[in-house]
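Hi everyone, thanks for coming. Let me walk you through one model today, and please stop me whenever you like.

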Amino acid sequence: MHGWRRRVVIALIITVLTAIALHSPALAQGSGPESEAVEAAKEELGRAINFAWTLIAAFLVFFMQAGFAMVEAGFSRAKNVVAVLTKNLMDAMIGGLAFWAFGFALMFGGSGLAPGLERGTPLIGLSGFFLAGSAYHDQTAMLWFFQMVFAATAATIVSGAMAERTRTTAYLAYSFLISALIYPIYGHWVWGGGWLGNLSAYLPFLGEGVGARDFAGSGVVHAVGGFVALVGAAMVGPRLGRFNRDGTPNVIPGHSLTLVTLGTFILFFGWFGFNPGSTLAATDLRIAMIAVNTFLAGAAGAVVAIYFGFFRTGQLDLALACNGALAGLVGITAPCAYVAPWAAVLIGGIAALVMIGASAFVERVLRVDDVVGASAVHGFAGLWGLLAVGIFADGTYGGVRGLIMGEWAQLVAQLVSILTVTAWSLGTGFLVFWLIRSTIGLRVSPEEERIGLDLTEHGAEAYPSGRRLPVEVM
């Protein structure tokens, strides 16, 4: 019996060693039909893994909509929560349809990243509308879905800045326009084969292959959304009682730091789809470094913000810590693939300081009422993220090298991108909100604002109290 068992073990060992030999790299390098089949199977497996990875990352980014809704609802007063939630739900739905019909084609036409995206110019894409024709393809659908959730993120940033006094119908019109035109056109310039991504073709002194780099969207997503939010908040005007006659600000507290904190955790979680997912490939092992950099920058942002507030007031400000974390995440979004972990910590910490300074500037100098601080968190921290690429990129990924490597060309390219996204977002944001204000109207009446948008626009309350609508409002 003992000899029989030994023979079985030997036979199993021989079988395993034979299988290993048959699938070894040395054999796979052969030219026979079997080795070709193995290589084809490996390639197909890699495509399937990358396909699934990209879609899972997109699902995470879509869940960020819930995070935005919670943060914005928490920073708002209870009487406006239904309005905030409605805007966050519907800008994703309306924006998604706009991106399907127009935005995706304008953004990625000419990129050649998937079937049906062959035609475009350095300024605008010209193919892929409605995912029809040759764009009716699984690969194109995967890319569309991943990019659609990014477009929805840019759109929803604005709702928090304009909360508590903006007509919901006006906001929904804006959602369509930013997703169909504003976001995609600048996105085409950077990600869709446009002129910013190939800047050395227009500025030869930069050197071959140098262009604006924004790995996951500090500029394309966050700066666009943040500066359109700044324009929208300025044009709709401040909430009643937000500023005194001499221009000094008053604090209008939100109703739930619980929701703000929950939303921050959800957004932080979703960012691991946002940044690592932008590789579009799980076989790109840089995803590990990107995830580490994402966490470190967000953590540094929260720590710097809460201790800045502590040293200034002697109190630990939870809301400031949440916005600090989000600013750190925004700041690392552009350079996350190009920098080392120590740089990610610096980028996140500086992003928090940028956010704090920008918040004071927006409130005290511009006298703009931004309910959640969207313009500071996403707009100004987004610009810092673009700049950080030109400073901290170390050449270990994609050949992108910044000042720390003795290269100045990338910094110049990033500065051009910063000027472009600022001018584009402020200019187009003004046109959109001016058009809306001149037609359907942008702001609710003072009486509606006093009662709250939940009852006057939606006929519902997030926290029902049993009271009835006043007769004159019904």
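When I say contact, I mean heavy atoms within 4.5 Å. Leaving aside its neighbours within four places in sequence, Tyr174 is in contact with Ala154, Ala155, Val158, Val228, Val432, Phe433 and Ile436.

A word on provenance: this is a predicted model, where local features need pLDDT of at least 70 and side-chain atom pairs count only at pLDDT 80 or more, while totals for chains, interfaces and linings use all residues. Residues are numbered from 1 along each chain as its sequence is written, and side-chain values use heavy atoms, with hydrogens and water left out.

Now to helix α6, residues 168-191; helices here are DSSP runs of H or I, at least four residues, numbered from the N terminus. α6 bends by about 50° at Ile178, taking the angle between axes fitted to the seven residues ending there and the seven starting there. After α6 comes Gly193, with a positive phi near 90°.

Which residues touch the most other members of the largest nonpolar core? They are Phe150, Tyr174, Tyr183, Tyr186, Trp191, Tyr338 and Phe433, and that core has 117 residues. A nonpolar core here is a set of buried Ala, Val, Leu, Ile, Met, Phe, Trp, Tyr and Cys residues joined through side-chain atoms within 4.5 Å.

That's my tour, so over to you.

Conventions: Helices (H or I, at least four residues) and strands (E, at least two) are DSSP runs, numbered from the N terminus. Buried means under 20% relative accessible area, exposed over 50%, partly exposed in between (1.4 Å probe, protein chains only).
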